Amino acid sequence: MTAPERDPSAALAADRDALPVRVRGLGVTHDGESTAAPASVTFDLAPGEVVLLLGPSGSGKSTLTLALNGLIPHAVPAALTGSVHVAGLDTSAATVAELSTHVAMVFQDPDAQLVTGTVLDEVAFGPENLRIPAADVLARAETALRRVGLWERRSENPDRLSGGGRQRLAIACALAMGSPLLVLDEPTANLDPAGIEDVYEALAGVVADGDRAILLVEHNLDAAVGFVDRVVVLDHDGCLSMDGTVDAVLRGRADELHDMGVWLPVSTLAALRLRRAGYTLDPLPLTPDELRSALEATDAPAPRSPAVTAGTRTAAEQRAAHDARAEASAPLISVRGLTVRRGRTEVLHGIDLDIAAGEFVAVVGTNGAGKTTLIQALAGVVPPPRGTVRVDGRDVGRTDARTLARRIGFVFQNPEHQFIAHTVFDEIAHGLRRQHLPETEVRERTITLLRRFGLETRADAHPFLLSGGQKRRLSVGTALVTGASVLVLDEPTFGQDRARADELLGLLDELNSEGTTVVVVTHDMQLVTDHAHRTIVLADGRVLAAAPTSEVFADDALIERAGLRLPPLRRALRGLTSHPFLSTVARIGDLPAEASA
Amino acid sequence: MSRITTAYLLTCAAIGVATGLLVIPATALSTALYVSAPPLSALTYAAWVIGYVLAMRLLERPGAALLTGLISGIVATPLSVTGPAIIVTNLMFAAVIELPFLVTLYRRWSAWLLYAGSIAGAVLYSAWTVLAADMTAFAAWVLVAYIAATLLSAAAGAWLGILIADRLKRAGVAKVARRRPAVVGRDA
Amino acid sequence: MTGRLTAAQGIRAPFDPYAGMAPSSPARFLYALNPLAKIAAPLPAIVLLVFVRDLATPIAFLVLSYAILLVGVRFSAGLAAMLAALPVGAIVIGVGFSLWTDPARVDQSVIVLQLGSWTLYGGALSVGLATGARIAAIVALTLIAGVSTTGPDLVRATVQQLRVPYRIGYTALAAFRFVPRFGHELDVIRQAHRVRGAHGGRGPFAAIARWFGYVVPLMAGAIRHAERVALAMDARAFGAYPDRTERHLVPFRARDAVFILLLWAVSAAIFTFCFPWGL
Ligand SMILES: Nc1ncnc2c1ncn2[C@@H]1O[C@H](COP(=O)(O)OP(=O)(O)OP(=O)(O)O)[C@@H](O)[C@H]1O
Ligand SMILES: Nc1ncnc2c1ncn2[C@@H]1O[C@H](COP(=O)(O)OP(=O)(O)OP(=O)(O)O)[C@@H](O)[C@H]1O
Ligand SMILES: [Mg+2]
Ligand SMILES: [Mg+2]
């Protein structure tokens with residue numbers, strides 16, 4: 001689907017001689033690395049084109065974007081083979097400053113892109129560096145800020161903007177550079193659902209104007225896929241593996257992409273599964289709207305295979321059985337009248353909650369709703385007032401951190417914060433050594449755990465030198481090694497690509513099925529529906545709802561009030577008239593699986 | 001593009017901010033101790049050494065200590081009772097750390113140069129305070145203890161700075177801004 | 001995540017290093033002066049005060065700077081507290097200092113206090129109080145620039161008048177943003193280490209080991225953040241030319257020169273009148 005305001009064929013047919021970017025056989029090896037990522041990439045970008053760059057983690061997408069405006073090799077120590085030409089300039093000969101007028105960048109972390117003290121100064125910063133006269137700087141800044149809807153807030157400190165607002169500011173800053181190509185590297189990775197919408201609204205406006213080419217790296221395709229013209233895909237080795245229109249690549253080769261570990265829009269994943277169950281979905285849908293209309297237009301596989309419904313019923317039954325088990329036993333964690341102050345403000349107001357042993361619970365809410373504060377109180381990371389939180393009958397407010405750590409493992413958002421040793425091995429062994437176990441047993445248990453988490457080959461590496469996914473697994477390992485029966489995780493999929501996220505969630509599901517109680521804070525609603533038995537919805541420091549996940553997401557008014565969004569699959573299937581049985585499905589896992597008939 | 005990259009400037013700024021945040025409480029502590037136990041106040045001298053030693057050791061680039069000193073001073077200015085004067089103070093402390101490297105034309109990066117700079121700074125500093133703060137009015141043993149404590153603190157600060165820098169290097173930190181042997185070879 | 005960080009920053013940083021000074025009546029003249037003028041004007045007095053040994057001179061400068069501050073800046077509770085704390089601090093320093101002076105070298109004609117064999121002489125006390133007053137006077141003089149100048153304006157003035165390379169100036173501006181970030185990161189790291197049970201024990205040595213454990217993750221995070229900011233700045237043509245468009249001018253005007261000369265003249269008058277170096 002393309003934005004209706006644009007005619008993509010016009011962009012593709014545009015003057016090929018004025019190519020803003022020509023990449024030929026590009027390979028980049030970072031200093032200290034032995035392999036190149038990307039290894040060999042060749043592609044062109046035409047004026048006004050919107051291109052999505054996909055690839056598994058570590059394939060070199062970010063590195064490629066840095067090479068487009070000369071930051072590699074000029075600012076980042078790396079060796080470059082092949083060539084990148086931007087508007088006829090060879091990037092290894094031209095300066096980054098020169099290239100900045102041709103290629104503007106938006107990075108992942110909005111905080112890392114702020115320099116000055118007001119929104120207006122921030123947008124003016126780039127043009128000022130180019131020595132543009134003050135009056136023109138202001139004109140440019142105004143145009144850019146109006147386009148992202150921030151002009152009214154120009155005199156504020158960027159810190160006061162929401163995450164989505166700051167990322168829109170970063171887009172305005174890029175626009176103000178006046179460059180015909182905009183490169184965005186995961187611009188929404190850090191944001192809550194509303195923030196993501198915010199950013200894509202601003203981007204859609206830029207695309208609608210049609211005067212800039214855009215290269216977008218994004219893991220969360222549900223929001224992005226709407227206005228993309230072309231898709232370029234890198235494979236595991238960093239080589240170009242696909243390059244074509246959205247139809248040709250995302251619809252035509254979805255299976256291949258899926259196998260590669262590249263994440264697809266949730267609607268497409270669901271459609272792939274439905275296809276295997278015998279539904280005819282052609283062309284393959286990419287957005288919730290497309291999935292819904294495709295389903296409305298097609299009949300259920302006839303005759304409806306009994307295996308299909310049976311499969312679903314089993315999943316539902318399993319959950320019902322689980323709920324019954326959860327209610328029968330006394331709560332493992334019980335919270336009564338928990339009020340938490342931070343500084344002078346009251347952040348949580350009289351929370352009452354119960355979490356049973358063996359549950360998988362998700363905590364959701366907008367930024368600032370108090371999710372982190374709540375789970376920190378549960379785990380005693382920040383001691384709660386006495387008598388308000390009990391875990392396994394023990395008052396968390398009166399128990400010291402060391403004793404608690406044996407019962408509750410807490411995984412922080414940034415795993416690096418938790419590392420205290422100099423090797424991966426010692427990191428895991430630390431918890432065991434503190435229990436004064438014999439060294440042979442420490443060794444044995446550490447190695448077993450490392451093997452389970454796929455880290456045994458990195459045992460001697462410095463924890464900081466692991467990849468993002470490995471760091472996350474290590475931090476989960478450190479929380480578990482002491483035998484904690486409760487695992488509390490703060491935004492575990494933050495900054496991770498979807499393949500890594502899946503891997504981690506698989507691990508959590510496995511631990512949960514072995515009896516570990518799991519509490520997760522996240523902004524990813526599809527993750528919540530797919531994995532959590534129960535969901536706790538927080539808003540402004542109060543519990544709006546604590547109920548089985550399916551009930552929570554069936555209540556549109558509740559989701560609305562909490563400032564959240566429905567998971568993509570719910571959006572697609574809700575109100576589906578031709579397949580009433582599908583209209584209640586929320587989890588990808590609950591969709592009909594392989595057709596057996 | 002100039003040899004002074006933005007990443008180098010900002011890495012020094014990060015170390016400078018840390019130093020600034022260390023120096024502000026150190027100033028308060030040193031003043032408090034100065035009133036109650038002058039020789040002990042000299043032990044805070046390390047706060048003015050660690051950051052600059054760390055910057056030199058980690059980045060191995062000319063000017064790293066000076067730049068760190070400048071930024072730490074600027075950052076500390078709004079929080080410091082002495083206002084912008086702290087910029088000059090921090091720059092002077094940084095300059096003595098930098099001096100031995102300047103003398104050897106930035107060809108050597110060994111640890112003993114860092115110790116030499118720190119100790120030299122401590123000697124100059126104690127001479128200055130003895131004169132400026134009228135410590136000559138103190139009993140002789142107080143003076144001796146004061147100077148000894150300053151020297152001790154300087155050496156400890158240098159040791160700590162080197163230790164932290166080496167740990168950071170092992171963790172692969174500051175790769176962007178650090179001296180690249182290949183580049184230096186090409187420039188030479 | 002970022003939302004929370006910012007919210008925490010807002011709470012953690014009661015002062016906004018970027019905030020402009022709110023407009024005030026023209027009588028509050030210090031805000032309208034160039035930051036460099038406010039630094040240069042008291043500078044000779046500050047330097048000379050270091051070599052002064054009497055009590056009258058520092059007190060004269062203390063009075064002078066109080067007069068300038070009370071007229072020149074908006075009166076606020078913070079300023080009042082600072083002005084009240086200074087003399088108290090001076091007396092505390094003075095008394096503390098006098099305890100350590102060598103009794104043999106001071107005027108012993110007056111005895112203030114006698115405890116057993118230990119005597120506090122009037123001479124020792126006056127040496128101490130002079131030192132305290134001197135430190136207070138120096139602090140008061142620097143407050144003239146301190147309470148009426150914003151960090152960014154100081155940076156701009158150094159770039160525009162002192163010709164400090166603008167890349168260094170803007171590095172400093174970006175660095176102000178690191179300060180609240182550091183505080184927040186440190187909080188989180190402390191919590192995380194506590195959960196891991198790192199260096200639990202009590203006592204000063206355990207505390208030192210604990211704090212040392214925070215340093216590496218803290219610095220690693222800060223430097224990595226700094227590198228990302230640097231890339232973002234480079235991508236926006238930072239350092240493209242030897243100079244850049246300046247939309248905020250911090251001019252050096254006639255009134256700045258007048259302020260400097262006036263304060264120098266008054267300082268000279270005080271030094272001449274008191275002449276603290278008794279020949
Ligand atoms: N500053 C660096 N120093 C050394 N190696 C690096 C650096 N940045 C990236 N790499 C390495 O380069 C390779 C490509 O990394 P890059 O960040 O470009 O991947 P990516 O495709 O963007 O992955 P992701 O989807 O996780 O963001 C990886 O193997 C990574 O470890
Ligand atoms: N250390 C602190 N001091 C003062 N206020 C704080 C502190 N930490 C958090 N807050 C405030 O408490 C509220 C809840 O914060 P919390 O971090 O629990 O939110 P959250 O739901 O985890 O948000 P996010 O999705 O951004 O992580 C916020 O409004 C925040 O401003
Ligand atoms: Mg990337
Ligand atoms: Mg949170």
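Colleague: Which residues of α4(C) meet α5(C), and which residues do they meet there?
Modeller: Contact here means heavy atoms within 4.5 Å. C:Tyr66, C:Leu69 and C:Leu70 in α4(C) meet C:Leu79, C:Leu83, C:Leu86 and C:Pro87 in α5(C). By class this contact has seven nonpolar, no polar and no charged residues (Ala, Val, Leu, Ile, Met, Phe, Trp, Tyr, Cys and Pro count as nonpolar, Asp, Glu, Lys and Arg as charged, the others, Gly among them, as polar). The model is predicted: local features need pLDDT of at least 70, side-chain atom pairs count only at pLDDT 80 or more, and totals for chains, interfaces and linings use all residues. Residues are numbered from 1 along each chain as its sequence is written, chains are lettered from A and ligands numbered from 1 in the order in which they are written, and side-chain values use heavy atoms, without hydrogens and water.

Colleague: How is the packing of α4(C) and α5(C) described, and what is the angle?
Modeller: Two packed helices are described by the angle between their axes and the distance between the axes. Axes are lines fitted to C-alpha atoms, for helices over the stretch in contact, and angles run from 0 to 180 degrees between N-to-C directions. Helices (H or I, at least four residues) and strands (E, at least two) are DSSP runs, numbered from the N terminus. For α4(C) and α5(C), which covers residues 77-100 of chain C, the angle is about 175 degrees and the axes are 12 Å apart. The two helices α4(C) and α5(C) are therefore roughly antiparallel (under 35 degrees is roughly parallel, over 145 roughly antiparallel, 65 to 115 roughly perpendicular, the rest oblique).

Colleague: At what angle does α4(C) pack on α6(C)?
Modeller: Helix α4 (residues 56-72) and helix α6 (residues 122-146) of chain C pack at about 25 degrees, with axes 8 Å apart. That makes α4(C) roughly parallel to α6(C). Their crossing is left-handed (the near helix is turned anticlockwise from the far one by less than a right angle; clockwise is right-handed). The residues of α4(C) in this contact include C:Pro58, C:Phe61 and C:Leu62, and those of α6(C) include C:Ala130, C:Ala133 and C:Arg134. By class, the contact of α4(C) with α6(C) has 14 nonpolar, one polar and one charged residues.

Colleague: Is the crossing of α6(A) and α7(A) left-handed or right-handed?
Modeller: It is right-handed. The axes of α6(A) (residues 134-148) and α7(A) (residues 163-176) come within 8 Å and cross at roughly 140 degrees. That makes α6(A) oblique to α7(A). Among the residues that meet are A:Arg140 and A:Ala144 in α6(A), and A:Arg168 and A:Leu169 in α7(A). The contact of α6(A) with α7(A) has eight nonpolar, no polar and three charged residues.

Colleague: How many residues of chain C are in contact with chain A?
Modeller: 50 residues of chain C are in contact with 72 residues of chain A. The area buried between these chains is about 5200 Å², of which carbon and sulfur atoms give 53% (buried area is the accessible area, 1.4 Å probe, that two parts lose on being put together, summed over both). C:Arg196, C:Arg236 and C:Arg247 supply 18% of the area that chain C buries against chain A, more than any other three residues.
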